[in-house]
Amino acid sequence: MAAEANFDSKSSRWSLQGMTALVTGGSKGIGYAIVEELAQLGATVHTCARNEAELNKSLNEWNTKGYRVIGSVNNVGTNIQKETLDFTEEDFTFLVNTNLESCFHLSQLAHPLLKASEAANIILISSIAGVVASNIVSVVYGATKGAMNQMTKHLACEWAKDNIRTNCVAPGPIRTPLGDKHFKEEKLNNSLIARTPLGRIGEAEEVSSLVAFLCLPAASYITGQTICVDGGFTVNGLYIS
């Protein structure tokens with residue numbers, strides 16, 4: 001997210017007017033919700049996705065709503081669900097390249113533009129799988145997300161001199177087209193809800209609202225943080241009723 005305006009007034013602290021954002025994986029799920037949230041707050045949003053047909057459908061919807069969204073086709077994060085001993089070298093490399101190297105190199109490429117804006121920020125989307133262990137995702141997936149959380153801290157410190165803030169949002173169980181396939185499994189769905197203090201699965205808009213806040217000038221003193229959006233899942237200990 002790069003700024004193009006001077007945010008001195010109180011009202012502008014809560015607006016993204018004049019800003020430009022790049023959102024990967026924006027055609028569905030959390031990415032779609034983030035694009036909508038940023039566009040509603042006045043940002044011009046560039047997005048990309050793996051499926052051209054889905055992207056074009058989303059672009060048409062946003063154009064109808066009057067949002068400034070520009071799209072291209074690219075790749076975003078993924079998971080390979082296997083036991084640790086079943087992972088091949090190719091599986092490991094694929095997940096690291098897709099989930100970790102992609103955001104690392106994209107941050108590198110974006111740095112000149114972000115620095116030039118003089119008030120920019122990077123927001124990585126990791127997962128609570130990078131914070132706590134879980135057998136519903138693979139160990140390599142969790143490792144890549146944990147690495148993203150750590151990269152957030154390093155970039156926040158290294159690029160602070162360039163007026164670039166870096167934060168990370170780690171969603172828990174969230175209703176998305178991909179997540180809904182797993183939530184149909186009654187045992188898994190019930191286990192997730194029982195573990196979550198708020199007692200339900202989250203919505204994509206509950207993630208995008210935090211992303212939007214971190215982009216706002218009002219969040220200008222927040223950097224280097226990994227914030228979980230999980231209904232309390234990661235802080236839940238043992239409670240006996």
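**Exercise 1. A salt bridge at lysine 28**

With which residue's side chain does lysine 28 meet in a salt bridge?

*Solution.* Start with the model itself. It is predicted: local features need pLDDT of at least 70, side-chain atom pairs count only at pLDDT 80 or more, and totals for chains, interfaces and linings use all residues. Residues are numbered from 1 along each chain as its sequence is written, and side-chain values use heavy atoms, with hydrogens and water left out.

Step 1. Apply the rule: a salt bridge is a side-chain nitrogen of Lys or Arg within 4 Å of a carboxyl oxygen of Asp or Glu. The partner is glutamate 54, at 3.5 Å from N to O.

Step 2. Glutamate 54 sits in helix H2 (residues 52–65), and lysine 28 in the loop between S1 and H1. The pair links distant parts of the chain, 26 residues apart. Helices (H or I, at least four residues) and strands (E, at least two) are DSSP runs, numbered from the N terminus.

Step 3. Check accessibility. Buried means under 20% relative accessible area, exposed over 50%, and partly exposed in between (1.4 Å probe, protein chains only). Glutamate 54 is partly exposed at 30%. Lysine 28 is partly exposed too, at 43%.

**Exercise 2. Further salt bridges**

Find the salt-bridge partners of glutamate 36 and aspartate 91.

*Solution.* Step 1. The rule counts seven salt bridges.

Step 1. Glutamate 36 pairs with lysine 65; their closest N and O atoms are 2.6 Å apart. Glutamate 36 belongs to helix H1 and lysine 65 to helix H2, so the pair ties together parts 29 residues apart in sequence. Glutamate 36 is buried at 13% relative accessibility, whereas lysine 65 is partly exposed at 45%.

Step 2. Aspartate 91 pairs with lysine 82, with the closest N and O atoms 2.6 Å apart. Aspartate 91 counts as buried, at 13%. Lysine 82 counts as partly exposed, at 32%.

**Exercise 3. The domain interface**

Describe how domain 1 meets domain 2.

Step 1. Count contacts (heavy atoms within 4.5 Å). 12 residues of domain 1 touch 16 residues of domain 2.

Step 2. Take the buried area, the accessible area (1.4 Å probe) that two parts lose on being put together, summed over both. The value is about 1,100 Å², and carbon and sulfur atoms give 85% of it. On the domain 1 side, Ile30, Ile34 and Glu37 lose the most area, together 40% of what that side buries.

Step 3. Assign the domain 1 side to elements. Strand S1 (20–24) and helix H1 (29–40) each supply at least two residues. H1 gives the most, with six residues.

**Exercise 4. Threonine 176**

Is threonine 176 buried or exposed, and which residues does it contact beyond four places in sequence?

*Solution.* Step 1. Threonine 176 lies in the loop between strand S6 (174–175) and helix H5 (177–183).

Step 1. Its relative accessible area is 15%, so threonine 176 is buried.

Step 2. Beyond its neighbours within four places, threonine 176 is in contact with Gly29 and Ile30.

Step 3. A polar atom of the threonine 176 side chain lies 2.9 Å from the backbone nitrogen of glycine 179.

Conventions:
Polar contact = N/O pair within 3.5 Å; in protein donor to acceptor, adjacent residues only side chain to side chain.
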